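User: Could you help me learn to read some features of a protein model? I'm new to this.
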Amino acid sequence: MTTYILRRLLLSIPVIIGILFATFALARLIPSDPCRAMLGEKATDEVCDQFLKRHGLDQPIPVQFAVYMGEIFKGDFGNSFRFSMPVTEILSQRLPITIELSLAALSISLLVGIPLGIISAVRHNSWVDVLTMLWANIGVSMPVFWLGLMLAYFFSLTLKGTPFQLPPSGRLSPGLIPDPFFEVWNMSLTEGTAIYLTAEFISRMNILNSILSGDWKVFKDAAQHMILPAVALSTIPMALIARMSRSSMLEVLGQDYIRTARAKGLKQRTVVIRHALRNALLPIVTVVGLSLGGLLGGAVLTETVFNLAGVGRILYEAITARDYGIVQAFTVVIAVFFVALNLIVDISYAYLDPRIRLN
Amino acid sequence: MGQNTAKLNAETSLDSVSLWGITRKRLLRRKSAVMGMIILGMLILVALTAHWLAPYDPTKSMLDVPDYPGKIEKRLPPCVHAFGCPESEPQHLMGLDGNIRDEFSRLLYGARISLVIGFATVSFSILIGTVLGALAGYFGGWVDNTIMRVMDVVLAFPSLLLAIAIVTVLGPGLINALLAIGIVSIPAYARVVRGSVLSVREMDYVSATRSLGGNTYEILFRRILPNALTPLIVQGTLGIASAILETAALSFLGLGAQHPTPEWGSMLGQERNQVFTAPHLVFYPGLAIMLTVLAFNLLGDGLRDALDPRLAHVS
């Protein structure tokens, strides 16, 4: 197992170097000069020269790449032209929103997708199966941005005045400012330390922070704001997980050992959960891993529709505003996260099925 | 005796049925695939006859329509005479958009654009992906390693984010959006072709062609590649669905089709802030995108099952 993990880790290195190079090249290939994109078309040549010098953009491209690689290995992603602040700081402000949204969406997809897939397989060819698969097919074909808009319309306008009314955008209602949990707990943390930064990062996830600080008013408000974006974002992964769970379960339910388990007189529930589901999990794990990458892409659209200031939206804004610092850092973080995720999927695959690591 | 002969004849005739004949039969037995084909057929029909079906020019405002009898007002709700809209008002089945254009006409022309987007993007990706995958699988070694590591890098980015980045480099526009989605989709086809090439590269009939003096081109494109056709067709059909969905997403963000092109994603994007006042302008284009993508997904799934020999017993 250790040899397998080491081999997979080594194979990831060229991919990560490729990602760093591709991100750098993409950011540099974006047409028009960043100075005028930032300072406006009327910026004089002199001002622009200073701007380029300040950000190291007057250096030859290979030198810029070497400096960029060196800084990345030090964990320094440079500054954002637009916000005039370190990119890591922007990342630490925006990432919690996207993580919270993605986790909420993933939880919905797993909690609904897997049981639906199992029920569909157990009651193969019944009306439950037909309806689930119809719904799953519609789910994978759903434009997330359209579903988001329609959900916002239905839950905030059509259901206005009912207990089911939900806010159409934003993270919290105006005037509601959550207290960080570490302040509520009276923890004396020194600013700038790793523990403080981690605590601050966690406290920016409104739902988690409100649970930790016991602020149920904020929790209710944050959860209500999160429902619609999370449901919209979860649709495609939920449908994929339901489909994969169904087909994987169908395959396993036809195996001899399931017949043996049934012949032993075991209850249907035990056969399905203990014997079948465990073995049907392999392909489901892959789909879950791959869905997370899709969630990040979908987050750009969901965050735009629901006006959430997460990673996806700021990356899109940074690309259009030619903010190299943010584009590079965010793309690298997302891509490396994606590679790490694939690595975890492969390792869990090898853990669940020993034949894979032996090959 | 007679019965045995009839049975033998039936078996012999079954053996002589081509793969495509069997596939067609299996496909027609799948209700979901048939549903996909029906929706797709209707879409193709709409796309081909849009210029006859559309009551107005999709890019022209009602201000430019001579002797337009109705009131010139932005974002009018649908007016259908059969549903009680006064005969004196001009009929607009899906209302007027923010630029006073007929939404229904734009939706019909949108079918044409979406289908072209799907087929053009997938053709581009298949072409490049096939060549790269075939070279990687056939030559192996450093050629394989280089090509597939580059493909891994492309796959390391969430596809929509990479497409956004590429389209920003190339500049917003429908053609550039197609190119971006096309580039992002190449690895999927390269992997499929590489896999197929690897599986048949050492087969006897390939060795026979090689020993008979067949050159690389002949071996690769005439002997090996036809074997990759089946998975490519399945991947391509499902690829059209995702290409349409992703191009619509790019247009929604303002990076794909530009004003006044009647593309569904951009129609939706332009009117998204009006969802609370004119929901019909958001509802119809989104529904059209969903139905088109659904049709290709149903057909793709049906084709995959029909072409899978392991599922032969099911049908």
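Analyst: Helices (H or I, at least four residues) and strands (E, at least two) are DSSP runs, numbered from the N terminus. This is a predicted model, where local features need pLDDT of at least 70, side-chain atom pairs count only at pLDDT 80 or more, and totals for chains, interfaces and linings use all residues. Residues are numbered from 1 along each chain as its sequence is written, with chains lettered from A and ligands numbered from 1 in the order in which they are written.

User: How many helices and strands are there in chain B?
Analyst: Chain B has 12 helices and 0 strands. Its radius of gyration (taken over C-alpha atoms) is 25 Å, well over the 20 Å that the globule rule (2.2 Å times the number of residues to the power 0.38) gives for 315 residues, so chain B is more spread out than a compact globule.

User: What about phi?
Analyst: Most residues other than glycine have a negative phi, and most peptide bonds are trans. Here, B:Arg75 isn't a glycine, yet has a positive phi of about 45°. You'll find B:Arg75 in the loop between α3 (31–53) and α4 (103–139) of chain B. B:Ile100 is in the loop between α3 and α4 too, with a positive phi of about 55°.

User: Is B:Arg75 buried, exposed or partly exposed?
Analyst: Count other C-beta atoms, placed from the backbone, within 10 Å of the residue's own: 20 or more is buried, 12 or fewer exposed, and in between partly exposed. B:Arg75 has 17, so it counts as partly exposed.

User: And which residues does a cis peptide bond join?
Analyst: B:His259 and B:Pro260, with omega about 0°.
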